[in-house]
Amino acid sequence: MILRREQGGRSSLTSLLPALITVVGLIALIVYFIAVLGWAAFLQTFLYGLTTGSVYALIALGYTLVYGIIELINFAHGDLFMLGSFAALTVLQLTVVGKSPAFPLPPWIALFLALVLPMLFCAGLNVLIERVAYRRLRTAPRLAPLISAIGMSFILINIGLWWKGPNPQSFPALLSVFGSENIVNNLFGTNEVRFSYKELAVILTTIPLLLLLNFVVFRTKIGKAMRATAQDREAATLMGINVDRTIAFTFLVGGALAGAAGLIFGLYTGSSHFLRGFDSGLKAFTAAVLGGIGNLSGATLGGFLIGIIGSFSDRLLGSSWTAATIFGILIIILVFRPTGLVGEQVVEKV
Amino acid sequence: MRNRNATKSRAPGAVAVSSTGLYRSRTEEALRNILHNPVNAVLLGLLLAVVLTYPFLDEWLNLKRITDVIPIMMYILLALGLNVVVGYAGLLDLGYAAFFAIGAYTAALLTSPQSPLNLPNMQWFGNFWFAMVMAFLVAILAGVVLGAPTLRLRGDYLAIVTLGFGEIVPVVFRNATDLTYGERGLGAIGRPAIDIGFLGINFDLGGSPVFGLGNWSTQLPWYYFFLIVGALAIFGLRRLQNSRVGRAWMAIREDEIAASAMGVNLVTTKLSAFGMGASLSGVVGAMYGGYINFVHPSAFEFSTSVILLCAVILGGLGNIWGVILGGFIIQFFDRIMAGELTGFLNDIGTQTGNEFLATIELGNWRFFIFGAALVIMMLLRPQGLLPNARRAAELRPEDQTIQGEVQAEAPGFAGPGIEPTPASVQARESLYEVREQDDSMQEKR
């Protein structure tokens, strides 16, 4: 599988038919939702979905980067995200939470540190995980690293449990430094739909990260090495690429994104929990699969879609059913279109 | 693919083909050899005796562990069922606990007086045996329903779909409160009763002492119930392993395309593996419901599936005895060792003044320990403690296998892309000489 920007063109009518059916179905669903919820509630749900979706996109990119380069579903990635949120929380607790924090800092600097330090922490941890649990299994059958990744995920969950205990951890309401004014009200003079600077801040933090990733993968030398390694590891070695270092770099980038997502998601939802990584990770993985695993723009699109789907499911079915909805979608996609929405058809090599 | 290479390179004595053409695993050959030694035979006999009389020993030695041993047996049974799917057919199932849940909830809904199905005109309602059979059938159905859409998927994608299924099932049981009472759980599940009038045997497994023995004997029928089901399962699985369908499972595990080319029907083979694995889980689910007398959605989550997978991998994929050992080790550790060891470490900690040891609670580290077990097993011994020989050959890294193959087939010859060594040149020349001699001899005739 290839980290590619362009998709191969599919032109014949028969191959367009499923896409057509999907589009028609989606439009019908949207019309139905508008009819049930009304315009305002529809837009509101959509905007919330977009916000959470941007975070899912960050996590999904970690899955897709790793899958693109070594064809491994990195099960531990979701739990890495959870540890990232715990690291961010620790930074915030040390700097701004409470009356007399250990190292008092102004909120802006604390936020910056709480973004950068967990990114470094998760990046380092992810490289370490790759080194310990996956590198030796690179030539082993595909199930071996997958099982190793499940084991790693359990280890990280237990570390999270040991770090912050079994109860949900609440984050300080720091996003209010961005103001809680309703942008929609300022622009259109209606309070029926809320979209505050808090939501905007989430999206405005994730989009530069996504653009940065795009730049790294498609414009830099190491990005070129990543794409070459993804295409053909042996040929990349022959071209003088240090494959081990390139794969480690991929884990580094994925881990950094997970760390950033940890802070953003924690601040936005106001809490974190040692099992959060498992279900958020699975949702983000669904996003990666939805977009076509191994495809960067696909993972981003999938992340936003999963966020929106989850938001509508919360609204219409109740949040206790959301996990089932998303996993149902995952199963349907894997069964009917394993290459995802924008993925290319890959013939399985024998 | 790599699997084909792996199957070609047979480890010496890996698979013995008996005169009837049935495969006999290396472990069984080893077992046969072990039994020639009288000491081993006595030890094995002793083990069997302990297993057969454990409840009495437990009471006699005052161990008070029977309520831990029965769940251990239950997990071993589940691991055996998972072994059919993962070990025999090579389909990585990460949602196996879902079938366990389906079996338990089927039994609960068919026997619990709280169940919404408790209708006056249902004649069989409340009968455990009927519920157990229904759990068996419903679980098979669920296995086939899950299996059908995943037929086209392989490897990691299949794992994810089964994982998704395993997540959806508890969510449904948790949220369908009209049927299952959700978080409140379902209680008072029916328990089996054995009433053989003409033999004068009449006891139920409902928690009253049997045979006029003391209070401890309430667990006695359950122990033997699980033991009998376990023995039947082992017998059945061993027969299945050597049957047409069992060999087909192993064939698709090794190479799906090659198996299909040899006439193995992929659809029925995969579905039968899913159905077979699920059915055992369903039966055990019904027994679990009766034994615990309560079902709750939290008992069937992802961690249950992974702990079972851990047992299968630790013991040895595809080998019944290995899986039993693995299930025993994992559950023995989880239920008995962790507690004992915690107390032991705490004692050492208090005596030596080490605060870490004095307060450590191993039960809080079980996920860490299981996770580490999976990683370490994959790194060091991916075939498990008691491996199935064929499975072990498949799990060997690709490069090593090819190398081994080349060396095995042509000793002294260098592999492709490797400079010929003097020894290999010599070997080749001597081979040519032999051939020339053969040719000249044929010409003379």
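Reader: What makes α12(A) largely enclosed by the rest of the structure?

Author: Of the 22 residues of α12(A), 18 are buried, so the helix is largely enclosed. A residue is buried if 20 or more other C-beta atoms lie within 10 Å of its own, exposed if 12 or fewer, and partly exposed in between, with C-beta atoms placed from the backbone. Helices are DSSP runs of H or I with at least four residues, strands are runs of E with at least two, and both are numbered from the N terminus. This is a predicted model, in which local features need pLDDT of at least 70 and side-chain atom pairs count only at pLDDT 80 or more, while totals for chains, interfaces and linings use all residues. Residues are numbered from 1 along each chain as its sequence is written, and chains are lettered from A and ligands numbered from 1 in the order in which they are written.

Reader: Why is A:E71 called partly exposed?

Author: A:E71 has 16 C-beta neighbours inside 10 Å, so it counts as partly exposed. A:E71 sits in the loop between α2 (39–70) and α3 (77–95) of chain A. Its phi is positive, about 55 degrees, although A:E71 is not a glycine. Most residues other than glycine have a negative phi.

Reader: What makes B:N293 partly exposed?

Author: The count for B:N293 is 17 C-beta neighbours inside 10 Å, which means that it is partly exposed. B:N293 lies in the loop between α12 (266–292) and β6 (294–295) of chain B. B:N293 is not a glycine, yet it has a positive phi of about 70 degrees.

Reader: How do you know that chain A agrees with a compact globule?

Author: The radius of gyration is taken over C-alpha atoms, and the globule rule is 2.2 Å times the number of residues to the power 0.38. For 350 residues the rule gives a value near 20 Å, and chain A has 20 Å, so it agrees. Buried residues make up 50% of chain A, which holds 13 helices and two strands.
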